[in-house]
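Have the sequence and the 3D view ready as you read.

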Amino acid sequence: MRLIFLGPPGAGKGTQAQRIAEQFEIPHISTGDILRQAVANETPLGQKAKEYMDRGDLVPDELILSMVRERLSESDVQPGWILDGFPRNVSQAEFLDKLLQEIQQACDRAVNFEVPDEMLVKRLLGRGRKDDNEVTIRHRLEVYRAATAPVIDFYRQGDRIVSIDGSQSIDHVTQTLAIALERT
Ligand code: AMP
C-alpha cells in the first residue's frame, strides 16, 4: 500500500496517516516531522529549514527533495508507505513521479482531505504547535492554496485521487477512509 495524503494544514492528514500506517504496518513519512526533528537536533538541514517553517513558508525544494529521496531508499519502506505533507507543490509531485519510476514503485492512491477553512483555523489554534499562531496559520493556508492545491489537479489527471470529508470526527474519517481504501 502506497498512499499520498493531501490537504490543508489541520485537515487531519497526520492523525489519519498514523492510524492507517499502524493498521497496514507501513511507515508514516511526514516531511514536517522529519524537518521538526532536524530543527530539534540542530542539523545543517534543520538550521536552514527553521526560518521557513517559523514563517509558515515552504522549505526550498532543493532541501526537501534530497530528504525524500533518502527516506524512500531506506529498507523499511519496501512494503509500502504513507506520505504526509509531501508533495507540497507541483514540482515536488513531478519529482516524486520520476523518483518512483526510478525505484520501480507506484503510488496506489492520493487521498485528498477536505475541510472548510474556519474549521482548519480552529483546529490549528487548538493544537498549539510553534507555527500554530493565527498569523502563521493564515499564511500557511495561503501557501496551501497557491502552491499545494494545484497538486490535487496533478493527481486528478492520472485519475489517482480520492476525496474524503475531513470535517467529521477522527473515528468517522478513519472509517470513511478505510472504505475508500478497500476500493483501491
Ligand atoms: P507540516 O507538519 O506538514 O504542517 O509541515 C510544517 C512545515 O514544514 C511547513 O509549514 C513547511 O514549512 C515545512 N514543510 C513540510 N513539508 C514540506 C514540503 N514537502 N515542502 C516544503 N516545506 C515543507
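How many residues surround the ligand, and which are the closest? There are 14 residues around the ligand, and Thr31, Arg36, Asp57, Gly85 and Gln92 are the closest. A residue counts as near a molecule if one of its heavy atoms lies within 4 Å of that molecule.

Before going further, a word on the ground rules. This is a predicted model, in which local features need pLDDT of at least 70 and side-chain atom pairs count only at pLDDT 80 or more, while totals for chains, interfaces and linings use all residues. Residues are numbered from 1 along each chain as its sequence is written, and side-chain values use heavy atoms, with hydrogens and water left out.

Back to the ligand. The shell around the ligand is made up of six nonpolar, four polar and four charged residues. In that grouping, Ala, Val, Leu, Ile, Met, Phe, Trp, Tyr, Cys and Pro are nonpolar, Asp, Glu, Lys and Arg are charged, and the others, Gly among them, are polar. Helix H2 (residues 31–40) gives the largest share of the shell, four residues. Helices (H or I, at least four residues) and strands (E, at least two) are DSSP runs, numbered from the N terminus.

Now look at the polar contacts, meaning pairs of N or O atoms within 3.5 Å; within protein, one must be able to donate a hydrogen and the other to accept it, and residues adjacent in sequence count only if both atoms are side-chain atoms. Arg36 places a polar side-chain atom 3.0 Å from an oxygen atom of the ligand. Asp57 uses its backbone instead: one of its N or O atoms there lies 2.6 Å from an oxygen atom of the ligand. At Val59, a backbone N or O atom is 3.0 Å from a nitrogen atom of the ligand. The ligand taken alone exposes 470 Å², and the protein buries 95% of that; these areas come from the Shrake-Rupley method with a 1.4 Å probe, and for residues only the protein chains shown count as cover.

The space taken by the ligand is the largest pocket. A pocket here is found on a 1 Å grid over the protein atoms alone, as an open set of points where a 1.4 Å probe fits, with protein on both sides within 12 Å along at least five of seven lines. A molecule sits in a pocket if more than half of its atoms lie within 2 Å of its grid points.

Next, the loop between strand S3 (81–84) and helix H5 (90–102), where you will find Pro87. Is the peptide bond from Phe86 to Pro87 cis or trans? That bond is cis, with omega near 0 degrees. Most peptide bonds are trans, and most residues other than glycine have a negative phi. Asn89 belongs to the loop between S3 and H5 too. Asn89 counts as buried because its relative accessible area is 14%; buried means under 20%, exposed over 50%, and partly exposed in between (1.4 Å probe, protein chains only).

Glu25, in the loop between helix H1 (13–24) and strand S2 (28–30), has a positive phi of about 55 degrees although it is not a glycine. Gln104 also has a positive phi of about 55 degrees without being a glycine, and its place is the loop between H5 and strand S4 (109–114). Glu25 is exposed, at 69% relative accessible area, and Gln104 is exposed as well, at 74%.

Finally, turn to the helices. In helix H7 (residues 134–157) sits Thr148, which is classed as buried because its relative accessible area is 5%. A polar atom of the Thr148 side chain lies 2.8 Å from the backbone oxygen of Arg88. Tyr155 is in helix H7 too, and is buried with a relative accessible area of 1%. Tyr155 and Ala93 are 62 residues apart in sequence, with their C-alpha atoms 8.6 Å apart in space. Over in helix H4 (residues 61–71), Arg71 is buried at 17%, and its side chain makes a polar contact of 2.8 Å with the side chain of Asp76.

Note on methods
1 Å grid on protein atoms, 1.4 Å probe; cavity = no way out; pocket = protein on both sides within 12 Å on 5 of 7 lines; lining within 4 Å.
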